[in-house]
Amino acid sequence: MALNNNNWFKKYDLMVVSPGGSCQTIVMKLISDSNKKIKMNNPMDNDNLKHLSSYENSIFNCSDFGKVIYVYRNPLSVINSHFRRKWYKMQYKKISAFSDYNKEHLFDNKNDLFNMCLTEKKDISNTSQHLDNWIKYPGKIYFIDVSNPNVKELSDFLGFEVHNLNNIVSNTNYENNQEVIDFFEDIHRENLTKIMNKNASS
């Protein structure tokens with residue numbers, strides 16, 4: 001744990017984190033627009049915090065965060081977004097903790113990834129694992145489902161209202177076979193239950 005007298009130790013009011021592909025940059029802008037004084041991590045990820053693998057990562061422990069917001073989206077949409085932007089491999093490396101990383105899961109084609117997910121009966125992209133890593137965070141954290149945001153809960157958590165949150169429109173125009181859709185829909189429902197329980201206990 002870094003000490004406060006280190007000249008690179010920073011204090012933040014808020015950290016916003018996600019696996020990427022979840023409209024996180026837009027959420028961060030809306031938060032900043034709603035409270036100009038809030039100090040949070042860089043929306044361009046210049047500080048390597050935006051998609052941090054876990055609160056146990058040494059980068060996280062080199063700073064102090066008053067609160068954390070996790071921006072969630074259906075893992076299937078996240079994965080599709082990563083492949084559309086051609087940065088799946090980069091994001092996989094960013095969101096994977098050391099113990100979760102597997103170089104065999106660095107795919108060039110999303111269908112190859114999905115086939116292995118179906119074979120192993122697991123989201124091997126580490127998108128859901130990233131969520132699980134942050135679910136365990138013992139500090140002040142709130143999970144927002146970007147597809148169905150609870151503005152009141154988020155405002156209560158932050159202490160101020162975030163404007164235009166319900167106006168976020170995300171790309172859902174992806175082609176996937178029904179087996180893959182059903183597989184990730186089950187994971188999505190499980191994740192939403194985890195999020196609901198964690199938010200209720202925070």
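A residue counts as buried when its relative accessible area is under 20%, as exposed when it is over 50%, and as partly exposed in between (1.4 Å probe, protein chains only). By that rule S125, with a relative accessible area of 1%, is buried. This is a predicted model, in which local features need pLDDT of at least 70 and side-chain atom pairs count only at pLDDT 80 or more, whereas totals for chains, interfaces and linings use all residues. Residues are numbered from 1 along each chain as its sequence is written, and side-chain values use heavy atoms, with hydrogens and water left out. Helices (H or I, at least four residues) and strands (E, at least two) are DSSP runs, numbered from the N terminus.

**The sheet**

- An open sheet is formed by three strands in the order β1-β2-β3, with parallel pairing; two strands pair if DSSP finds at least two bridges between them.
- Strands β1 (10-17) and β3 (141-145) are the edge strands, each pairing on one side only.
- From one strand to the next, the twist averages 15°.
- Seven bridges link β1 with β2 (residues 63-72) in the parallel sense.
- Within this pairing, Y12 stands opposite F65 in β2, and V16 stands opposite I69 in β2.
- β2 and β3 also run parallel, joined by five bridges, and Y70 stands opposite F143 in β3.
- In general, strands of a sheet pair through backbone hydrogen bonds, either parallel or antiparallel.

**Burial of the strands**

- β2 is mostly covered, as seven of its ten residues are buried.
- β3 is largely enclosed by the rest of the structure, because five of its five residues are buried.
- From β3, I141, F143 and D145 point one way while Y142 and I144 point the other way, and all are buried.
- As a general rule, the side chains of a regular strand alternate between the two faces of the sheet.
- I144, located in strand β3, has a relative accessible area of 2% and is therefore buried.
- Leaving aside neighbours within four places in sequence, I144 is in contact (heavy atoms within 4.5 Å) with I69, Y70, V71, Y72, P149, L154 and L165.
- The C-alpha atoms of I144 and M40 are separated by 17 Å, and these residues are 104 residues apart along the chain.

- Helix α7 (residues 178-201) lies across β2 and β3 and runs at about 145° to β3.
- Axes are lines fitted to C-alpha atoms, for helices over the stretch in contact, and angles run from 0 to 180 degrees between N-to-C directions.
- The axes of α2 and α7 come within 8 Å and cross at roughly 120°.
- The two helices α2 and α7 are therefore oblique to each other; angles under 35 degrees count as roughly parallel, over 145 as roughly antiparallel, 65 to 115 as roughly perpendicular and the rest as oblique.
- In this contact, P75, L76 and I79 of α2 meet V180, I181, F184, I187, H188 and N191 of α7.
- By class, the contact of α2 with α7 has seven nonpolar, two polar and no charged residues; Ala, Val, Leu, Ile, Met, Phe, Trp, Tyr, Cys and Pro count as nonpolar, Asp, Glu, Lys and Arg as charged, and the others, Gly among them, as polar.
- Helix α5 (residues 127-135) is mostly covered, with eight of its nine residues buried.
- The buried residues of α5 are T127, S128, H130, L131, D132, N133, W134 and I135.
- The elements covering these buried residues of α5 include β1, β2, α2 (75-84), α3 (88-95), β3 and α7.

- S125 lies in the loop between α4 (110-120) and α5.
- The side chain of S125 makes polar contacts with the side chains of D123, at 2.6 Å, and T127, at 2.7 Å.
- A polar contact is a pair of N or O atoms within 3.5 Å; within protein, one must be able to donate a hydrogen and the other to accept it, and residues adjacent in sequence count only if both atoms are side-chain atoms.
- Not counting residues up to four places away in sequence, S125 touches I79, Y88, Y92, I95 and L113.
- D45 is found in the loop between α1 (24-34) and β2, and D45 counts as buried because its relative accessibility is 11%.
- A polar atom of the D45 side chain lies 3.1 Å from the backbone nitrogen of L49.
- With residues up to four places away in sequence not counted, D45 touches K50, H51 and K94.
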